[in-house]
Amino acid sequence: MPRAIISPSVLASDFGQLSAECKRMIKNGAEWLHMDVMDGHFVPNITMGAPILSCVSKGVPGIFMDCHMMVAEPEKWVNDIADAGGALYCFHIEATSDPLSLIDAIHARKMKAGVAISPDTPSTAITDEIGEAADMLLVMTVYPGRGGQKFIERCVPKVSELRKRFPDKDIEVDGGVGPKTIQPCADAGSNVIVAGTAIFGAEKPEEVISLLKSTVETAQARIAKEGLP
């Protein structure tokens, strides 16, 4: 199974100090930064776009921007996000009619390709062909569009289903994840953990990042020994 990666969601950060906030997370043990791009169409909220990502990329050299594209036309923004320094471009399966061509376009711009599913979308929406072509699969554990929502536990079985089908893929969970909800995600086989408020709002973010990572690693060791539940 791929290694544990913690990707703090900047949606919970102080946007007025975005580059400094990203540096603070990296200093405290984060490998990726989860950048929530919302367009006001696919979701009812507007956050940031390529110009802001470009500033962050310049201000934080070497940053791995895990770009979660909650946008109605994901095909439209591949070049802009690549030019802004995006490392991973994760689109919603619900927003495109041709995911395989989109994955090819993302790869052509030297970015990793991620495919996300919302809470009401079954894991079977990610076909074997799509899952094999992608680099990462994202299971949303809240409805996309707003930070600070409550974790939806009924989404967790989709992680197990995808892990059984794609044992070597990065599988990310995003939404309401923190020290109290990490265990079922880790046990189901997710290895990339997005957490916003739980990390950015913590007095000691490094301890939260360390706890999330060690919970995933402990679960991985158990799964390797006993298999998925």
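Trainee: How many salt bridges are there in this one?
Mentor: The count comes to 10 salt bridges, taking a salt bridge as a side-chain nitrogen of Lys or Arg within 4 Å of a carboxyl oxygen of Asp or Glu. Keep in mind that this is a predicted model, where local features need pLDDT of at least 70, side-chain atom pairs count only at pLDDT 80 or more, and totals for chains, interfaces and linings use all residues. Residues are numbered from 1 along each chain as its sequence is written, and side-chain values use heavy atoms, with hydrogens and water left out.

Trainee: Which residue does Arg3 meet in a salt bridge?
Mentor: Glu31, with N to O at 2.6 Å. Arg3 sits in the segment before β1 (5-8) and Glu31 in the loop between α1 (18-27) and β2 (33-38), so the pair ties together parts that are 28 residues apart in sequence. The helices and strands here are DSSP runs numbered from the N terminus (helices H or I, at least four residues; strands E, at least two).

Trainee: And what else does Glu31 form a salt bridge with?
Mentor: Lys213, where the closest N and O atoms are 3.8 Å apart. Lys213 belongs to helix α9 (residues 205-226) while Glu31 is in the loop between α1 and β2, so this pair ties together parts 182 residues apart in sequence.

Trainee: How exposed is Arg3?
Mentor: Arg3 counts as partly exposed at 48% relative accessibility. Glu31 is partly exposed at 30%, and Lys213 is partly exposed at 26%. The cut-offs are under 20% relative accessible area for buried, over 50% for exposed and partly exposed in between (1.4 Å probe, protein chains only).

Trainee: OK, what does Asp83 pair with in a salt bridge?
Mentor: Arg109, at 2.8 Å, N to O. That pair links distant parts of the chain, 26 residues apart: Asp83 is in helix α3 (residues 78-83) and Arg109 in the loop between α4 (99-108) and β5 (112-117). Asp83 counts as exposed at 56%, whereas Arg109 is partly exposed at 29%.

Trainee: Switching to the sheet. What's the strand order?
Mentor: It's an open sheet of eight strands, β1-β8-β7-β6-β5-β4-β3-β2, with parallel pairing. Two strands pair if DSSP finds at least two bridges between them. The edge strands are β1 and β2, each pairing on one side only. From one strand to the next the twist averages 25°; the axes are lines fitted to C-alpha atoms, for helices over the stretch in contact, and angles run from 0 to 180 degrees between N-to-C directions.

Trainee: How many bridges join β2 to β3?
Mentor: Six, and β2 and strand β3 (residues 65-70) run parallel. Leu33 stands opposite Met65 in β3.

Trainee: Is β7 buried or exposed?
Mentor: Buried: five of the five residues of strand β7 (residues 170-174) are, so β7 is largely enclosed by the rest of the structure. Both faces are covered, with Asp170, Glu172 and Asp174 buried on one side and Ile171 and Val173 buried on the other. In a regular strand the side chains alternate between the two faces of the sheet.

Trainee: What does β7 pair with, then?
Mentor: Strand β6 (residues 136-140) pairs with β7 in the parallel sense over five bridges, and Met140 has Asp174 as its bridge partner. The chain crosses from β6 through helix α6 (residues 156-165) to β7 in a right-handed β-α-β crossover. Right-handed is the call if, with the strands pointing away from the viewer, the path from the first strand over the helix to the second runs clockwise. Three bridges also join β7 to strand β8 (residues 192-195), again in parallel, and there Asp174 has Val194 as its partner. β7, helix α7 (residues 182-188) and β8 make a right-handed β-α-β unit.

Trainee: Last one: what does Phe200 touch?
Mentor: Not counting residues up to four places away in sequence, its contacts (heavy atoms within 4.5 Å) include Pro8, Val10 and Met25. Phe200 is in helix α8 (residues 197-200) and is buried at 8%.
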